[in-house]
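Visitor: I would like to go through the aromatic contacts here. Could you take me through them?
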Amino acid sequence: MEYKNPLGVDIDLETGVIPGAKKLVRRLSDLKGYFVDEKAYEELLKENPVVYEVYAIEQEEKDGDLNFATTVLYPGKVGREFFFTKGHYHSKADRAEIYYGIKGKGGMLLQTPEGRAEWIEMGPGTVVYVPPYWAHRTVNTGDEPFIFLAIYPADAGHDYGSIAEKGFSKLVVEENGEVMVVDSPKWKE
Ligand SMILES: O=P(O)(O)OC[C@H]1O[C@](O)(CO)[C@@H](O)[C@@H]1O
Ligand SMILES: [Fe+2]
């Protein structure tokens, strides 16, 4: 039997950086078609800000193993919509996931394939259980980076297709200074 080596790392709780992790950067240009207000998107694209960064420690895609990653989701809006992660189902759709809030303010939008959506607010210390089959997207509703940890099966994979096409049935927007979860005009069954 070949055993893998255990690993301990300290997440920098101020910046979200995991030493030795693989870093992924997603700019606004990587999120084309994701925001409802296309005019506001094109306008902000001139600056093309970083929307989020991911620091991931990933294993081979094998049944039984675990990956973990922090995400640093920056504050901002496209029109009324707060900055968010792309969001995805798992390629192995029955794989669950755990999120843990580290810093800042935000939440998670979850959705079944039929379009039943749930919104869960998150702050430092919030644990969110993502059940099998639910798509999940995090949203920064604050004015500082929203940082969280995700722990997920190594063989879960990412299925971005249907969210890239139709989005979620709900949008998280600012209305009169309040965070509101409203129906998405883009959603079709
Ligand atoms: O993969 P997305 O939807 O861009 O969101 C990024 C976050 O979600 C994860 O894919 C885990 O669900 C992590 O890699 C990261 O924390
Ligand atoms: Fe996931």
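Visitor: How many aromatic pairs does a search of the whole structure find?
Guide: In this predicted model, the search finds four aromatic pairs. In one of them, Phe35 and Phe83, the ring centres are 6.5 Å apart and the planes stand at 55 degrees, so the pair is tilted.

Visitor: Which parts of the chain does that pair link?
Guide: The pair links distant parts, 48 residues apart. Phe35 lies in the loop between strand E1 (22-27) and helix H1 (38-45), while Phe83 lies in the loop between strand E5 (81-82) and strand E6 (97-103).

Visitor: And Phe35, buried or exposed?
Guide: Phe35 is buried, with a relative accessible area of 3%. Phe83 also counts as buried, at 4% relative accessibility.

Visitor: Why is the pair of Phe35 and Phe84 classed as it is?
Guide: Their planes are at 15 degrees, under the 30 degrees cut-off, so the pair is stacked, with the ring centres 4.2 Å apart. This pair too links distant parts of the chain: Phe84 is in the loop between E5 and E6, 49 residues from Phe35. Phe84 is buried, with 2% relative accessibility.

Visitor: Which residues form one aromatic cluster?
Guide: Phe35, Phe83 and Phe84 form it.

Visitor: Changing topic to charges over rings: where does the charged end of Lys86 sit?
Guide: It sits over the ring of Tyr160, 5.3 Å from the ring centre.

Visitor: And what about Lys166?
Guide: The charged end of Lys166 sits over the ring of Trp187, 4.4 Å from the centre of that ring.

Methods. Residues numbered from 1 in each chain as written. Chains lettered and ligands numbered in written order. Predicted model: local features only at pLDDT ≥ 70, side-chain atom pairs only at ≥ 80, totals over all residues. Heavy atoms only, no water. Phe/Tyr/Trp six-rings, centres within 6.5 Å; stacked < 30°, edge-to-face > 60°. Helix = DSSP H or I, 4+ residues; strand = E, 2+ residues; numbered from the N terminus. Buried < 20%, exposed > 50% of the residue type's maximum accessible area, 1.4 Å probe, protein only. Lys NZ or Arg CZ within 6 Å of the ring centre and 35° of its normal.
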